[in-house]
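Here is a short briefing for a first look at this protein. Keep the sequence and the 3D view side by side as you read.

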Amino acid sequence: MSSFSDFIQDNKALREENRNKKPIHERFIEFHAHDDEQIVLNAVPGHFATIQSHINYYVDVTSMKVRTKEATEAAKYLAAKMLHKVDVVDTIVCMDGTQVLGAYLAEELDKSNIRLSGSHESIRVVCPEVNSVNQLLFRENIKPSIQGRKIFLLLATMSTGETVRQSMECIEYYGGDIVGVSSIFSTRNVVESTSVFPIFTIEDLPGYESYKPSECPFCKKGIPIEAMVNGYGYSKLR
């Protein structure tokens, strides 16, 4: 049976090993989308924490959110996945800073057979505001883009599904009808009976796991959390 001093020594060794790791951005591994080698997702294995869970991969989708070439390619890919599965889209609601991708997706959907339910001539692209108590809201000038409209929800990443559920509740509160959800990376294909159209899934990331904080094997071994992560990016803890 290991002694407490052995545990302390092992813990010190693990912490030293983590301190000597290369920076996160230097350890990225590239993963390519099915049927499109131009769409690339970067990920790095490690011990990371979201608001709801601990995960063993940080998934970085920055290029598809800020670069026009990558966003255009990703939008075409998503539009093709939605074809014949979503018939009507009036508004794309963008979460996690996905407005660039959302705008290109709207452009691709306008070119396709996706219909509008209202009399307006093009798909609207909006994002909710987050207030001081972390609640989502739409201002009066944005409400007409939500109320009575067919809404497609776009996120950067989806792990436990809690963020998308909160977003869906907000949209439904303002009278929107959610017809589909998309995420650049998602662990789920359905949320609250609504179809999810991801570009990348856990099948693309070998061994991807999400844990409740109380059940995290890294924490049990004394391996420190490397960074807090969400759909916007990561913040190192040391």
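**Confidence**
- Strand β4 (residues 91–94) has the highest mean pLDDT among the elements, at 97.
- Helix α1 (residues 4–19) has the lowest, at 49.
- Across residues 1–8 the pLDDT falls below 50. Beyond near neighbours in sequence, this stretch makes 0 contacts in the model.
- Where pLDDT is low, the predicted coordinates should not be read in detail.

**Strand β9 and its partners**
- Strand β8 (residues 150–158) runs parallel to β9, joined to it by 8 bridges. Ile151 faces Ile178 of β9 across this pairing.
- Strand β11 (residues 194–201) is also parallel to β9, with 5 bridges between them. Here Phe185 has Phe200 of β11 as its bridge partner.
- Together, β8, helix α5 (residues 162–173) and β9 form a right-handed β-α-β unit.

**Helix α3**
- Helix α3 spans residues 68–82, which is 15 residues. At 1.5 Å a residue it should span 21 Å, and its end C-alpha atoms are 21 Å apart, so the two values agree.
- Its buried residues include Glu73, Tyr77, Leu78 and Met82. Ala71, Ala74, Ala75 and Ala79 are also among them.
- Just after α3, His84 adopts a positive phi of about 70°.

Notes:
Residues numbered from 1 in each chain as written. Predicted model: local features only at pLDDT ≥ 70, side-chain atom pairs only at ≥ 80, totals over all residues. Heavy atoms only, no water. Pairing = 2+ DSSP bridges. Helix = DSSP H or I, 4+ residues; strand = E, 2+ residues; numbered from the N terminus. Right-handed = clockwise from strand over helix to strand, strands pointing away. Expected span 1.5 Å × (residues − 1). Buried < 20%, exposed > 50% of the residue type's maximum accessible area, 1.4 Å probe, protein only. pLDDT = per-residue confidence, 0-100. Contact = heavy atoms within 4.5 Å.
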